Amino acid sequence: MNWLTNFIRPRINSIVPSKEVPDNLWQKCPSCEGMLFHRDLEESSKVCYHCGHHLRITVKERLSIMFDDGQYETVELPKVAHDPLKFKDRKKYADRLKESQAKTGLKDAMTIAKGTIGGQKAVIAAFNFSFMGGSMGMAVGESIVKAAEIAVKEKAALITIPSSGGARMQEGMLSLVQMPRSIIAVEMVKDAGLPYIVLLTDPTTGGVSASFAMVGDIHLAEPGSTIGFAGRRVIEETVRETLPDDFQTAEYLLDHGIVDMVVQRGDLRDTIGRILNLLMSTEKKSKKAA
Amino acid sequence: MSQLDFEKPILELEGKIAELRNVSGENGVHIAEEISRMEEKSSRLLKQAYGKLTPAQKVQVARHQNRPHCSDYIKALIQDFTPLAGDRNFAEDHALIAGLGRFGGQSCIIMGHEKGSDTESRIKHNFGMVRPEGYRKAQRLMKMATQFQIPVITFIDTAGAYPGKGAEERGQSEAIAKSIESCLRTEVPIISIVIGEGGSGGAIAIAVADKIYMLEHSIYSVISPEGCASILWRSGEQAKEAANALKLTAQDLYSMKLIDGIINEPLGGAHRHKEETIKNVKDTIDGALQDLLPWDAKSLIRTRREKFLAFGRNL
Ligand SMILES: [Zn+2]
């Protein structure tokens with residue numbers, strides 16, 4: 001989604017909230033500037049059919065391309081304390097939350113869903129970037145814990161899909177402690193001998209990248225995603241040298257040994273399905289038995 | 001930086017007292033009276049200022065250059081300190097100093113952020129901003145602590161992890177995440193003390209502990225007030241408001257049950273009274289070790305997880 005649709009869409013949605021309204025029949029690819037017809041773009045899972053650029057997609061779209069037959073069940077987010085700091089900058093955090101909830105129809109920046117991928121049971125915890133930049137506060141952290149608990153209980157793999165600028169600073173230290181809390185969630189899955197896969201999508205930065213997103217058994221990334229700890233501008237100001245164009249991209253991280261694979265969106269289900277089968281199928285134990 | 005604006009009248013007074021002491025040879029009695037009058041005034045002013053430090057003032061105090069640093073605590077509290085270096089992979093990171101030593105009779109692994117105390121040492125220690133190598137050294141030593149069953153003490157004092165090109169290339173995020181994971185897996189007690197500035201992910205990377213304490217005027221925050229102000233207020237000038245809003249003081253965090261205790265600083269702050277401050281920290285570590293020793297690895301790890309999972313659930 002480019003800045004234009006990003007900007008206009010919420011307004012249209014607020015007038016006609018119940019239906020998906022194509023705001024534009026055509027949109028421009030933010031990478032190659034080629035014109036994209038909305039129906040073709042839907043079909044390509046929001047991948048530019050001129051240059052292969054992966055546009056940001058909604059969590060709904062993502063879940064339907066990842067689970068077998070697009071079938072999945074969402075799980076209600078756990079309840080958490082709201083705005084415990086009574087945080088206010090130019091605006092009250094409580095109001096920002098309400099606005100984001102109205103805009104997205106979501107409770108917070110996370111969706112938990114379960115189903116199968118490649119026939120193997122999987123729980124996905126996916127970030128909604130459109131909800132306050134996908135920032136991780138108590139609701140997100142608690143949701144990762146819940147997703148992990150479900151995975152353990154149902155002997156399913158856990159897959160997290162970060163798309164987040166980092167911590168929800170309006171929750172202060174309560175957001176910072178989600179770093180260890182989310183890693184504790186991952187530990188529960190690992191203790192149970194279940195796979196934990198991270199699909200890094202655009203963007204994965206700050207406290208989100210420096211916690212559960214970097215302790216996967218396997219790290220996948222979508223092409224072109226920005227993934228890193230510190231922001232590009234902060235680094236440029238610190239080191240006073242120009243950074244390469246592909247700095248902090250998925251491909252750059254692949255080169256530097258941080259991710260296992262950069263996977264095209266269209267190949268995600270097959271790739272993850274194959275990995276889960278290799279890791280989870282009972283046949284892998286045949287050697288021990290023999 | 002070494003002068004705090006709200007301390008100006010106090011510093012002036014302290015300067016005059018020092019001057020008077022220098023000349024007190026001649027009219028002994030008269031000057032002694034004058035000195036004690038001024039000292040009374042200065043301590044009254046200190047009480048006024050330090051009795052109600054605002055969060056923004058605490059940020060200043062927490063960053064004060066003369067506060068005791070990690071190396072000061074090690075020097076004063078750790079016997080047989082034996083520094084250990086390197087991540088066995090790329091480099092030694094002087095921003096995170098670490099080693100073996102003895103606290104009381106107890107063998108320990110000690111590590112912490114070191115900001116340095118003069119220009120030369122500040123540069124050497126990269127102002128306490130750790131690179132991936134530092135966090136990987138921390139991981140290595142956490143494992144060693146488990147291997148030899150000796151407790152870990154960490155001192156937290158950093159503006160944050162280093163934002164640099166090389167740091168990103170070598171996986172700063174992964175290094176921090178794995179450092180947190182290492183803390184969670186460490187099968188010996190971990191005690192963390194925030195002695196100055198607890199700056200975000202770079203701080204919590206080595207502060208996932210069984211007992212977490214903060215010095216009275218230290219801070220611990222998800223983002224610096226300046227950074228927060230520039231993002232949410234779109235101007236760094238609102239850093240004071242941000243410091244208020246972020247609830248980053250030891251007192252705030254204690255009331256949110258995110259830390260186990262607050263360590264008193266003598267009147268006028270740790271930068272005025274290094275020895276007393278270090279003594280207070282020693283007593284706190286003593287008490288924590290007494291609580292935690294002896295331990296059972298399994299229940300220790302379970303309790304540590306439960307402790308962190310409880311954060312925010314009781315608000
Ligand atoms: Zn394109």
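1. First, some housekeeping. Residues count from 1 along each chain as its sequence is written, with chains lettered from A and ligands numbered from 1 in the order in which they are written. As this is a predicted model, local features need pLDDT of at least 70 and side-chain atom pairs count only at pLDDT 80 or more, while totals for chains, interfaces and linings use all residues.

2. On confidence: pLDDT is the predictor's own confidence in each residue, from 0 to 100. Chain A has a mean of 90, with 89% of its residues at 70 or more. Residues 1-19 of chain A are below 50, and that stretch has 15 contacts in the model beyond near neighbours in sequence. Where pLDDT is low, the predicted coordinates should not be read in detail.

3. Now the sheet in chain A. It is open, has seven strands in the order β3-β4-β5-β6-β7-β9-β11, and its pairing is mixed. (Helices, H or I of at least four residues, and strands, E of at least two, are DSSP runs numbered from the N terminus; two strands pair if DSSP finds at least two bridges between them.) β3 (73-75) and β11 (261-262) of chain A are at the edges with a single partner strand each, so one side of each has no neighbour in the sheet.

4. Within that sheet, β5 (residues 120-127) and β6 (residues 157-161) of chain A run parallel, joined by five bridges. A:Val123 sits opposite A:Leu158 in β6(A). Helix α3 (residues 59-66) of chain A lies across β4 (110-117), β5 and β6 of chain A, at about 160 degrees to β5(A). Angles run from 0 to 180 degrees between N-to-C directions, with axes fitted to C-alpha atoms, for helices over the stretch in contact.

5. Over in chain B, seven of the eight residues of helix α3 (residues 55-62) are buried, that is, 20 or more other C-beta atoms lie within 10 Å of their own. These buried residues pack against β5 (190-199), β7 (219-221), α10 (225-233) and α11 (239-246) of chain B.

6. Last, have a look at B:Ala161, in the loop between β4 (152-158) and α7 (165-169) of chain B. B:Ala161 is buried, with 29 other C-beta atoms within 10 Å. Leaving aside neighbours within four places in sequence, its contacts include A:Phe229, B:Met129 and B:Ile176.

Notes:
Buried ≥ 20, exposed ≤ 12 C-beta atoms within 10 Å, placed from the backbone. Contact = placed C-beta atoms within 7 Å.
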